[in-house]
Each structure stands twice: as C-alpha cells, then as structure tokens.
Amino acid sequence: MNVMAQLEFNGDCRQAFEKYAELLGGEVRVMNAHGDTEDIALPPGSTRGTPDMIRFADLQIGDDHLLGNDLPANEYRSPRGFNIALHVKGAEKARRLFDGLADGGKITAPLTKVEWAELFGLVTDRFGVPWLVLAFNDT
C-alpha cells in the first residue's frame with residue numbers, strides 16, 4: 001500500500017507543481033490538462049474543467065508522490081484540517097524549503113527550535129497549501 005496526498009487547486013495546479021518540483025527536487029511525472037484528455041471519461045462525481053485546467057498531476061520526490069488537480073471555481077474550497085509534512089535533515093535545508101514555501105504565502109509559526117526537533121515551522125504557501133516543516137540533526 002502507498003499513501004499519497006492529492007491536493008486540489010483553484011486553477012493553479014500547474015504553477016504549484018512546477019514550484020514544488022523546483023523547491024523539493026522532484027520530477028513532474030504527469031501533468032494532464034482537461035483539454036488533452038477529452039476522450040477519457042471522468043471519474044464518477046467529477047466535473048470537467050476548462051481545457052487548460054489540470055485534470056491530474058503527479059510529482060515524484062524520491063520514492064514519494066504528491067498528486068494534484070484543479071477544480072472548477074464553484075467547487076474549490078481552501079484546504080483545511082491537514083498539513084503536508086516535510087521532515088528534513090539539517091536546519092539549512094529546512095530554512096531553504098520553509099522560505100521557498102513562504103514566498104508569497106503566510107507563515108503561521110516561524111521556524112523555531114523545539115524539544116523534539118532542531119526546527120519546527122508552519123506555513124501556507126501562495127497556492128493555499130498548508131505545510132509543516134521539521135528539521136532534524138544531520139547525524
């Protein structure tokens with residue numbers, strides 16, 4: 001079994017996944033727009049978006065995958081009740097990731113030393129996705 005997060009976006013899935021690939025060092029493996037997949041049936045309960053909206057995206061980061069898609073504006077709701085957690089080795093890498101996610105976003109809890117980790121921080125990026133960044137010692 002693999003557990004993966006699938007994020008919903010308000011028309012900016014492509015931009016988000018390009019940013020995440022650059023920042024997290026991953027590779028966008030799939031980026032299907034609705035206009036490119038008109039001949040493929042939608043899953044039950046789905047609404048077809050405009051041709052440029054992303055129907056399905058897959059970002060591979062090592063052995064992990066982050067999935068995403070755009071929703072029509074009238075169906076989109078801001079993400080709530082979760083964070084995408086990044087556990088990284090070393091404060092320098094945590095700061096780089098945190099600062100990259102915070103660019104144009106909103107910091108909820110700045111990176112701070114905590115009892116259980118070298119650094120801990122919460123940020124919502126400019127695409128509305130909430131992230132939790134934890135840095136552990138390199139050793």
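**View 1. Aromatic pairs in the predicted model.** The structure, which is a predicted model, holds 5 aromatic pairs, where the rings of Phe, Tyr and Trp (its six-membered ring) count as a pair if their centres lie within 6.5 Å, and where planes under 30 degrees apart are called stacked, those over 60 edge-to-face and the rest tilted. A pair of aromatic rings is described by the distance of the centres and the angle of the planes. One of the pairs is formed by Phe17 and Tyr20, and this pair is tilted, with 6.0 Å centre to centre and 50° between the planes. Because Phe17 and Tyr20 are 3 residues apart in helix H1, about one helical turn separates them; helices here are DSSP runs of H or I with at least four residues, strands are runs of E with at least two, and both are numbered from the N terminus. Phe17 counts as buried at 0% relative accessibility, and Tyr20 is buried too, with a relative accessible area of 1%, where buried means under 20% relative accessible area, exposed means over 50%, and partly exposed lies in between (1.4 Å probe, protein chains only).

**View 2. Tyr20 and Trp131.** Tyr20 also forms an aromatic pair with Trp131, which is edge-to-face, at 5.2 Å centre to centre and with 75° between the planes. This pair links distant parts of the chain, since Tyr20 lies in helix H1 and Trp131 in strand S8 (residues 130–136), 111 residues apart. Trp131 is buried, with a relative accessible area of 1%. Phe9, Phe17, Tyr20, Phe127 and Trp131 form one aromatic cluster.

**View 3. Helices H1 and H2.** Helix H1 (residues 13–24) and helix H2 (residues 91–102) pack at an angle of about 165°, and their axes are 10 Å apart; the axes are lines fitted to C-alpha atoms, for helices over the stretch in contact, and angles run from 0 to 180 degrees between N-to-C directions. H1 and H2 are therefore roughly antiparallel to each other, given that angles under 35 degrees count as roughly parallel, over 145 as roughly antiparallel, 65 to 115 as roughly perpendicular and the rest as oblique. The contact (heavy atoms within 4.5 Å) is made by Lys19, Tyr20, Leu23 and Leu24 of H1 together with Arg96, Leu97, Gly100 and Leu101 of H2.

**View 4. Leu7 and its contacts.** Leu7 is found in strand S1 (residues 5–9), and at 3% relative accessibility Leu7 counts as buried. When its neighbours within four places in sequence are left aside, Leu7 is in contact with Tyr20, Leu66, Leu67, Gly68, Asn69, Phe82, Ile84 and Val129.

View 5. Val30 has its place in strand S2 (residues 27–33) and counts as partly exposed at 25% relative accessibility. Not counting residues up to four places away in sequence, Val30 touches Phe56, Ala57 and Asp58. Ala91, by contrast, is in helix H2 and counts as buried at 13% relative accessibility. Leaving aside neighbours within four places in sequence, Ala91 is in contact with Glu118, Leu119 and Ala135.

**Notes to the views.** Residues are numbered from 1 along each chain as its sequence is written, and side-chain values use heavy atoms, with hydrogens and water left out. In this predicted model, local features need pLDDT of at least 70 and side-chain atom pairs count only at pLDDT 80 or more, whereas totals for chains, interfaces and linings use all residues.
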